[in-house]
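We will go stop by stop.

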Amino acid sequence: MILRRLSPVGGDAVAIDTTAPDARARIAALYPPPALRVNLVATLDGGTSDAQGTSEGITAGADRVVLGAIRSVSDTVLVGAATLRAEPSLVPKRTHLTVLTTTGDFTGAAVRSGLEDGRILVVGPSGAEDRARRTFVAPFEYLAVDGDRAVPLSRLLEALRDRGLARVVCEGGPRLVGQLLAANLVDELCLTTVPRILGRPQILFGGAAPGPRDLELTQLLADETGTLFARWRPSR
């Protein structure tokens with residue numbers, strides 16, 4: 001699979017064989033990490049999940065290679081608890097994982113066995129810790145961050161920075177992404193667009209209302225399947 005850069009134009013042409021031993025390092029060099037990056041995959045009609053509620057069924061082309069490269073330059077991967085329950089296989093092989101919860105309910109989050117201590121940080125209200133420890137079977141550390149009801153997202157990012165987790169990539173769910181955008185916390189939005197239409201009503205940001213804003217295209221890659229990999233910088 002060949003991954004090519006379409007934008008910005010000029011300079012040396014970029015064409016990366018994703019099966020080459022240095023592919024991840026070369027792709028990672030195209031994704032210098034900001035403080036908070038969002039990374040989503042979607043169909044042309046805005047679908048972020050298949051009929052089973054996971055992104056596995058819509059992943060195409062070089063997406064997994066690009067995903068791994070983005071994770072490799074990040075200190076932690078941030079996801080919501082609902083996303084982990086739907087896709088327990090998304091636990092990174094190498095990168096630290098932060099899971100945001102409001103209720104502490106991890107029923108069904110059957111992550112792979114053998115995870116080492118220190119790989120997963122669960123962040124939620126102090127009142128949700130007991131439920132998290134009852135329902136999440138993986139080893140994890142719990143960080144209590146209290147707000148009116150849910151964890152304030154700006155305080156979440158501050159708490160991660162205090163732990164040395166300054167370069168964050170959020171992989172969903174879509175509603176969490178929308179909330180981060182609405183709070184004006186996102187430095188970069190990476191959107192993988194697969195050449196497919198699911199043919200059912202879709203809401204890219206899960207019903208959250210991030211509000212109107214302009215975005216600047218900073219990079220566009222494409223692979224042989226027609227899958228597009230865009231980096232967008234939101235206006236502030």
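Select Ala208. This residue sits in the loop between β9 (188–194) and β10 (215–223). Strand and helix labels follow DSSP runs: helices are H or I with at least four residues, strands are E with at least two, and both are numbered from the N terminus. The model is predicted, so local features need pLDDT of at least 70 and side-chain atom pairs count only at pLDDT 80 or more, while totals for chains, interfaces and linings use all residues. Residues are numbered from 1 along each chain as its sequence is written, and side-chain values use heavy atoms, with hydrogens and water left out.

Is Ala208 buried or exposed? Ala208 counts as buried because its relative accessibility is 17%. The cut-offs are these: buried is under 20% relative accessible area, exposed is over 50%, and partly exposed lies in between, using a 1.4 Å probe and protein chains only.

Now show the neighbours. Ala208 touches Arg175, Gly178 and Gln179, leaving out residues up to four places away in sequence. A contact means heavy atoms within 4.5 Å. Next, draw a C-alpha to C-alpha distance from Ala208 to Glu129. It reads 26 Å, and the two are 79 residues apart in sequence.

**Next stop: helix α2**

Select residues 63–72. This is helix α2, and it is mostly covered, with seven of its ten residues buried. Colour the buried ones: Asp63, Val66, Leu67, Gly68, Ala69, Ile70 and Arg71.

Stay on Arg71. Why does Arg71 count as buried? Its relative accessible area is 12%, so Arg71 falls in that class. Which residues does Arg71 touch, not counting those up to four places away in sequence? They are Val77, Leu90, Pro92, Thr95 and Glu171.

**Last stop: strand β4**

Val77 leads us on. Select residues 76–80, which form strand β4. Five of its five residues are buried. Look at both faces: Thr76, Leu78 and Gly80 are buried on one side, Val77 and Val79 on the other.

Strands count as paired if DSSP finds at least two bridges between them.

Three bridges join β8 to β4, and the strands run parallel. Click Leu78: its bridge partner in β8 is Cys170.
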